[in-house]
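User: I would like to learn how to read pockets and surface patches in a model. Please start with the general idea, then turn to the case at hand.

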Amino acid sequence: MQKWRMVRRSMRPHSGGKRMNAAIDTSAGYTATARVLHWITAILVLAQIVLGILIANKWTGAWQDQLYDLHKSNGAVLIPIILIRIFYRWGHPPPPLPADIPPIQQFAAHTTHYLLYGLVVAQVFLGWIGTAAYPAPVPIYGLFNLPSIWPENRALSEQLLGIHKIVGISIAIVAAMHIGAALFHHFVRKDRVLMRMISG
């Protein structure tokens, strides 16, 4: 019994209750480059989800063609950004998650990240090839068009753009899981997992 009391005293927080969370509160943040790339990607992906829903349901009226071109432009810009993020991540590994997070949750977090990368990369190329095979141009904000990367094949285009819609729904689901996990860390666990992507 005496030994158990000693153990409990050794586990009590000190210095205003911060000692128990020291490893979490002082964990390294993401670099400025990683944060900028992350938020640019996040904004573009979320915009693509909204635009995709509006376009697919033809809720945009006279703006349909303009928003469709914006959707294609955003998708084209995502290609280099995602590739830069992948190469940068290889050279600059992200800070580890807090050690007290269960291994299964850490595995789920890493899996979600890689799944998002894979789905977004697949999505932009599905859209590019499907549009080229339609055939239709892929404009970059009205400045120029990307070169066509596939010969005309209307049947293939319809198949790829059908898959494009399914992948888009998958991205929305995985992104919602990712956002939900970040909010859980911030408001429930009250650790720095979210803040280190905001302020470093």
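Analyst: A pocket is an open set of grid points with protein on both sides within 12 Å along at least five of seven lines, and its volume is the space filled by probe spheres set on the points. The model here is predicted. Its second largest pocket has a volume of about 970 Å³.

User: Which residues are the closest to the centre of the second largest pocket?

Analyst: G52, Y68, H71, H164 and K165, out of 36 lining residues. Helices α3, α4, α5 and α6 each give two or more residues to this lining, and α6 has the largest share, with 9. By class, 20 of the lining residues are nonpolar, 12 polar and 4 charged.

User: How much space lies in the largest pocket?

Analyst: About 1200 Å³. Its lining has 45 residues, and H38, H113, L116, H178 and M197 lie nearest the centre. Two or more lining residues come from each of α3 (32-56), α4 (64-91), α5 (103-133), α6 (154-189) and α7 (195-198). The lining divides into 31 nonpolar, 11 polar and 3 charged residues.

User: Now the surface. Which residues form the nonpolar patch?

Analyst: L46, I179, L183, F184, F187 and V188, which together have about 560 Å² of accessible area. Helix α6 gives 5 residues, the largest share of the patch, while L46 is in α3.

User: Is L46 buried, partly exposed or exposed?

Analyst: Buried means under 20% relative accessible area and exposed means over 50%. L46 has 41%, so L46 is partly exposed.

Conventions: Residues numbered from 1 in each chain as written. Predicted model: local features only at pLDDT ≥ 70, side-chain atom pairs only at ≥ 80, totals over all residues. Heavy atoms only, no water. 1 Å grid on protein atoms, 1.4 Å probe; cavity = no way out; pocket = protein on both sides within 12 Å on 5 of 7 lines; lining within 4 Å. Helix = DSSP H or I, 4+ residues; strand = E, 2+ residues; numbered from the N terminus. Nonpolar A, V, L, I, M, F, W, Y, C, P; charged D, E, K, R; others polar. Patch = residues over 30% accessible without salt bridge, like charges linked within 9 Å, V, L, I, M, F, W, Y side chains within 5 Å. Areas by Shrake-Rupley, 256 points an atom, 1.4 Å probe, with all protein chains shown as cover. Salt bridge = Lys/Arg side-chain N within 4 Å of Asp/Glu carboxyl O. Buried < 20%, exposed > 50% of the residue type's maximum accessible area, 1.4 Å probe, protein only.
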